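Thanks for making the time this morning. Please bring up the sequence and the structure, and I will talk you through them chain by chain.

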Amino acid sequence: MVLPIEAQAIIHGFLGTVVLMSFSGAFAELVGLSKAGIRRVRIGVTAMFAATVLTVTTGIILYIPYRAAGGPRSEILAGPIPWVHTILFELKEYAGVYAAIILLMAVILVSRHGDQILAERRFRLSTAWILVLSMLVVLLTYGLGAYVTKIAPL
Amino acid sequence: MMNDKPNFGQTAAAFIGTSAAILAIGLLNVWSEFSTEIKTRLTLHAGIGPYSGKVLFGLLIGGAVWILADVLLLRMKNGNIVRWTFFFTLAVGAGMLMVFTPFLRLLLGE
């Protein structure tokens, strides 16, 4: 069974929202960290990574109709603002994959160095920075995706 | 308590592998802009276009570098997490730049 493109696009956007929402929980736990909290950070960061991988996967599936002849890409390129595809969308395509890779690094840190994150400020700040970095990249991808969809929906 | 610390070598290998994946995707993107032949070769799926090859090969390169680094850094006990995070942030920045079209146009002299 193949879902209609609109439904796939909704799932793609929903998964992106899940990543953004998970961030606030994981980051809040990391800032006021306790022994019990590190487990929740681990769950939160792993959920963010899993949701990002699913978002990227659904994004790649949706990229096929986007790129097809007569699809949104052709529409944008033929219109008055082709830079929406050539600059914004091209950046978004890769930023999503980068976000998943950055979050993989965050998962490794919280999985392997939980005790050090708890005890050492340097570890905690580094992990927090990697989480913030991933979130900046996710926000960029999310924002660009929303803008492109507004210009030329699937 | 100090002996409970996990070996840092595997973490350093993860930093290297993930950075390599990001840089490889960026470099493949730059390379494909300079060569039409590479762009064609990177098109593993007609519907997705060269993006398919850039991402797949980028991830494979990152994975291979990660495994190699894991073997080489097996005995590395300690590492400066701040330095590794800085190195990783630079890799992300470079990766972003290599997929930013105005930067590519600048490289192509357009």
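Before I describe any packing, one term: a crossing is called left-handed if the near helix is turned anticlockwise from the far one by less than a right angle, and right-handed if it is turned clockwise. Please keep in mind that this is a predicted model, in which local features need pLDDT of at least 70 and side-chain atom pairs count only at pLDDT 80 or more, while totals for chains, interfaces and linings use all residues. Residues are numbered from 1 along each chain as its sequence is written, and chains are lettered from A and ligands numbered from 1 in the order in which they are written.

With that term in hand, the crossing of α2(A) and α4(A) is left-handed; helices here are DSSP runs of H or I with at least four residues, strands are runs of E with at least two, and both are numbered from the N terminus. Helix α2 (residues 35–67) of chain A packs against helix α4 (residues 83–112) of chain A at an angle of about 160°, and their axes are 9 Å apart, where axes are lines fitted to C-alpha atoms, for helices over the stretch in contact, and angles run from 0 to 180 degrees between N-to-C directions. The two helices, α2(A) and α4(A), are therefore roughly antiparallel to each other, a label used for angles over 145 degrees. Among the residues that make this contact are A:Phe49 of α2(A) and A:Leu103 of α4(A), contact meaning C-beta atoms, placed from the backbone, within 7 Å.

Turning to the record, the unreviewed UniProt entry lists residues 12–31, 43–64, 94–111 and 123–148 of chain A as "transmembrane region", although such annotations may be inferred rather than shown by experiment. In the model, residues 12–31 of chain A are 100% helix and 0% strand, with end C-alpha atoms 29 Å apart, and residues 94–111 of chain A are likewise 100% helix and 0% strand, with their ends 26 Å apart.

What does the secondary structure of chain B come to? Chain B has five helices and zero strands, and its C-alpha atoms fill a box of roughly 55 × 25 × 20 Å along the principal axes.

Finally, where the chains meet, 29 residues of chain B are in contact with 28 residues of chain A. On the side of chain B that touches chain A, the largest share, nine residues, comes from α1(B).

Notes: Two residues are in contact if their C-beta atoms, placed from the backbone, lie within 7 Å. Angles under 35 degrees count as roughly parallel, over 145 as roughly antiparallel, 65 to 115 as roughly perpendicular and the rest as oblique.
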